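Please look over the structure below before reading on. The paragraphs that follow go through it part by part.

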Amino acid sequence: MSSVHVSPLKVYFGIFGALMVLSAITVGAAFINLGSLNPVVALTIAVIKATLVILFFMHVKYSSRLTKITVVMSFFFVAILFAEMFMDYSTRGLPYLPPSLR
Amino acid sequence: MSDAHVHAAAHPLADGHGLAADHGHAHHPALQHHFETMSQQREAGVLGMWVFLLTEVLFFGGLFFAYTLYRSWYFDAFAAASKSIEILPGLINTVVLIASSLTMALSVRASQTNQRKATVNWLLATIVLGTVFLGIKVYEYADKFAHHHVPGASFQFAHVPGPGEAHEEPAAVGHVTTMGPDELERTTQLFFSLYFVMTGLHALHMIVGIVILFIITWMAHKGRFDSEWHAPVEMTGLYWHFVDIVWIFLFPLLYLVERHN
């Protein structure tokens, strides 16, 4: 009774290759002037890499719905953390504003 | 073993007496008494591990927020400080750590398919790659000490012209113009504080991971795992991949700020 999903080896090597290519693109893109899009590109690639690791190396693609919800919740909570902290810092008054806005 | 499972599965509604009669031979030795089946036990384990990783995501999330806030406040300092870091060791470490995630995933797969020798070997490969990562990290930290880039009493930061720039005065170099040397030193120290806390916490996770990997490797060597029960390998894998994901974000955020200038 093997209810556990066993991925073919080529999936693991394929994901590894994709992660390597994406790492190279991250470094390459950092040397191209994209203005304010540079961090956006870097983080987008990082999110894609993390998603590949979570889905295939961590087998979340083949996990139960409850596990999938837990995974999504972890990042949802981080989003709440960021939102609350930004609200806090942006309403604290002058000493806590970015130096350029004081 | 599979016979026992067929037997157990044939009586899903067995009452207390039936279960008592089954005890001692009906199930996998690793099945804890509070679970009905191995797959239920496995499911509970995976879920529990992910709840732990959720707390870890939030743990690092606080640091990523601190980074985001101070980067937005002192962007010029973050750019200057990030440019003082060598990319190559960071890139090599990225490759090494993703490779270690691959070997970890392969060892989980080997344990799923009852390949004891392969499980042990892939675990050993993961330990080696993790140790290489930490070794390169030691080199990088030593470099920071040598350049006085460690926050504290002896911290110093002056704009060092990159290979493309002539030996101009700092005042002539890009963004840094708005900052005096004192403010540059004060604000770059923030970047390096975050650098050491974030990579240090990450490295601590790796040290813990390597210790766990040694234990798991020993258990695998002793033949403690089979395709039905290899939860420790699987859970260690989830932990190790999480540590890999943290690095996937740390690398561009710490090493690659404003490299195009």
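Helices (H or I, at least four residues) and strands (E, at least two) are DSSP runs, numbered from the N terminus. In these terms the elements of chain A run α-α-α from the N terminus on; chain A has three helices and zero strands. This is a predicted model, in which local features need pLDDT of at least 70 and side-chain atom pairs count only at pLDDT 80 or more, while totals for chains, interfaces and linings use all residues. Residues are numbered from 1 along each chain as its sequence is written, and chains are lettered from A and ligands numbered from 1 in the order in which they are written.

The predictor's own scores come next. For the complex it gives an ipTM of 0.93 and a pTM of 0.86. The pLDDT, which is the predictor's confidence in each residue from 0 to 100, averages 86 in chain B, where 82% of the residues score at least 70. Over residues 1–21 of chain B the pLDDT is below 50, and this stretch has 13 contacts in the model beyond near neighbours in sequence. Residues 166–177 of chain B also have a pLDDT below 50, with 16 contacts beyond near neighbours in sequence. A contact here means that the C-beta atoms of two residues, placed from the backbone, lie within 7 Å. Where pLDDT is low, the predicted coordinates should not be read in detail.

Chain A can be described by its overall dimensions. Its C-alpha atoms fill a box of roughly 65 × 35 × 15 Å, taken along the principal axes. The radius of gyration of chain A is 19 Å, whereas a compact globule of 102 residues would have one near 13 Å. That radius is taken over C-alpha atoms, and the globule rule is 2.2 Å times the number of residues to the power 0.38. Of the 102 residues of chain A, 18% count as buried. A residue is buried if 20 or more other C-beta atoms lie within 10 Å of its own, exposed if 12 or fewer, and partly exposed in between, with C-beta atoms placed from the backbone.

Ala30(A) is found in helix α1 (residues 9–30) of chain A. Is Ala30(A) buried or exposed? Ala30(A) counts as buried because it has 21 C-beta neighbours inside 10 Å. Leaving out residues up to four places away in sequence, Ala30(A) touches Asn38(A) and Ala42(A) in chain A, and Pro252(B), Leu256(B), Arg259(B) and His260(B) in chain B. Lys68(A) lies in helix α3 (residues 65–90) of chain A. With 15 C-beta neighbours inside 10 Å, Lys68(A) counts as partly exposed. Not counting residues up to four places away in sequence, Lys68(A) touches Val60(A) and Ser63(A).

The contact between the chains takes 42 residues from chain A and 40 residues from chain B. On the chain B side, α3 (38–73), α5 (87–112) and α8 (231–255) are the elements that give two or more residues. The largest share of that side, 16 residues, comes from α3(B). Its residues divide into 24 nonpolar, twelve polar and four charged. Ala, Val, Leu, Ile, Met, Phe, Trp, Tyr, Cys and Pro count as nonpolar, Asp, Glu, Lys and Arg as charged, and the others, Gly among them, as polar.

The largest nonpolar core has 69 residues, of which Ala77(B), Val246(B) and Leu250(B) touch the most other members. Such a core is a set of buried Ala, Val, Leu, Ile, Met, Phe, Trp, Tyr and Cys residues joined through C-beta atoms within 7 Å. Helices of both chains supply at least two residues each, among them α1 and α2 (37–57) of chain A and α6 (116–146) of chain B. The most, 16 residues, comes from α8(B).

Helix α8(B) is mostly covered, with 22 of its 25 residues buried. At 1.5 Å a residue α8(B) should span 36 Å, and this agrees with its end C-alpha atoms, which are 36 Å apart. The expected span is 1.5 Å times one less than the number of residues in the helix. In the segment after α8 of chain B lies Glu258(B), whose phi is near 50°, a positive value in a residue other than glycine. Most residues other than glycine have a negative phi.
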